[in-house]
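Hi everyone, thanks for coming. Today I'd like to walk you through one protein chain, a step at a time. Have a look at it first.

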Amino acid sequence: MKIGFIGTGNMATGIISGLKKDTEIEKSIFVYNHHSEKTEAYAAKMDVTGVASSQALVEESDIVVLAVKPVGFPNVVAEICMAVQAKKIPVISIAAGITTAWLSEQFGAEVPAIRVMPNMNAVIGESMSGIAANDATSEAQLQQAEAIFQTVGAVERVSEEEFSIFTAIAGSAPAFAFLYMDSIARGAVKAGMNKQKALRIAAQTVLGSAKMILESEEEPWPLIDKVCSPGGTTIAGVDALLDNSFVPTVMKSVAATIKRDKEMEQDQ
């Protein structure tokens, strides 16, 4: 499989690193950055093949990953449109707000268009990526795209109607989780503990709690009840969170993220 990346930012680097570690996928990786000197330096650094133009990248590839920011999409699409239409190879977008319908409008309904939303944890191989595709995408092509992103974490198929929700609870939610862990650590600092020590403790606790949800298949509230002893310390803390609108505040943050994602889709 020949995989081409247009864009050489952090997300592309994370995905390429994951692909290079995977020994089961036979692949050749091509990269292009609109600054030629950056393409050459990046290709040497990552031990992949740099190409001189976006059109040349399409010609070399079996599948193309558009790893550019939404603002750069119109220019990139204009550059590669004819080459993609000629080969009818799958095009994957990892940008927020870029729908499969928009990709189909630009490249044509006969071109396989795939939308993937990884999150920043891809750089450590722990992403949660959502994936959706247009009608021109075959099951084999969709599985091929899934295999690429499984090298950096888990992949979940979602409908286009669910994509804004996915963006909120997976694409943006790492920031919410970081904020939560930092808040716990700051509470510990206020009580007299070193910040770095507190942050390590908080992060490991959140990591273990996440694994408990995934591996036990229990809902959160029964697990909360197991931690809370009658009249104990945990129920006092849980009560303080509930009394200060913790749950509705988190739900509002999800709603605000969904709203903004839909606004970005409308701007395309």
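Let's start with a single side chain: E160 is partly exposed, at 23% relative accessible area. Here buried means under 20% relative accessible area, exposed means over 50%, and partly exposed is in between, using a 1.4 Å probe and protein chains only. Before going on, a word on where this comes from: it is a predicted model, where local features need pLDDT of at least 70 and side-chain atom pairs count only at pLDDT 80 or more, while totals for chains, interfaces and linings use all residues. Residues are numbered from 1 along each chain as its sequence is written, and side-chain values use heavy atoms, with hydrogens and water left out.

Back to E160. Which residue does E160 form a salt bridge with? The partner is R115, and the closest N and O atoms are 2.8 Å apart. By salt bridge I mean a side-chain nitrogen of Lys or Arg within 4 Å of a carboxyl oxygen of Asp or Glu. E160 sits in the loop between strand 8 (153-157) and helix 7 (163-191), and R115 is in strand 6, so this pair ties together parts 45 residues apart in sequence. Helices (H or I, at least four residues) and strands (E, at least two) are DSSP runs, numbered from the N terminus. R115 itself is buried, at 0% relative accessibility.

By that rule the count is 8 salt bridges. Another one joins E139 and R157, with the closest N and O atoms 2.7 Å apart. E139 belongs to helix 6 and R157 to strand 8, so the pair links parts 18 residues apart in sequence. Both ends are partly exposed: E139 at 41% and R157 at 40%.

Then there is R260 with E263, at 3.2 Å between the closest N and O atoms. These two are 3 residues apart in helix 11 (residues 246-267), about one helical turn. R260 is partly exposed at 43%, and E263 is too, at 28%. Salt bridges with shared partners also join E139, E146 and R157 into one network.

Now to the inside. Why look for a nonpolar core at all? In soluble globular proteins, nonpolar side chains tend to be buried together. A nonpolar core here is a set of buried Ala, Val, Leu, Ile, Met, Phe, Trp, Tyr and Cys residues joined through side-chain atoms within 4.5 Å. The largest one has 26 residues, and F5 and I92 touch the most other members. Elements giving two or more residues to this core include strand 1 (2-6), helix 1 (10-21) and helix 6 (139-150). Apart from this core lies another, of 24 residues, among them V51, F73, V77 and A95.

Finally, let's zoom out. The chain is divided into domain 1 (3-158) and domain 2 (166-267), with bounds from an automatic or database domain assignment. Their centres, taken over C-alpha atoms, are 32 Å apart. How much area is buried between domain 1 and domain 2? About 820 Å², with carbon and sulfur atoms giving 73% of it; buried area is the accessible area (1.4 Å probe) that two parts lose on being put together, summed over both. On the domain 1 side, G97, M117 and N119 lose the most area to domain 2, together 40% of what that side buries. Across this interface, the rule finds 0 salt bridges.
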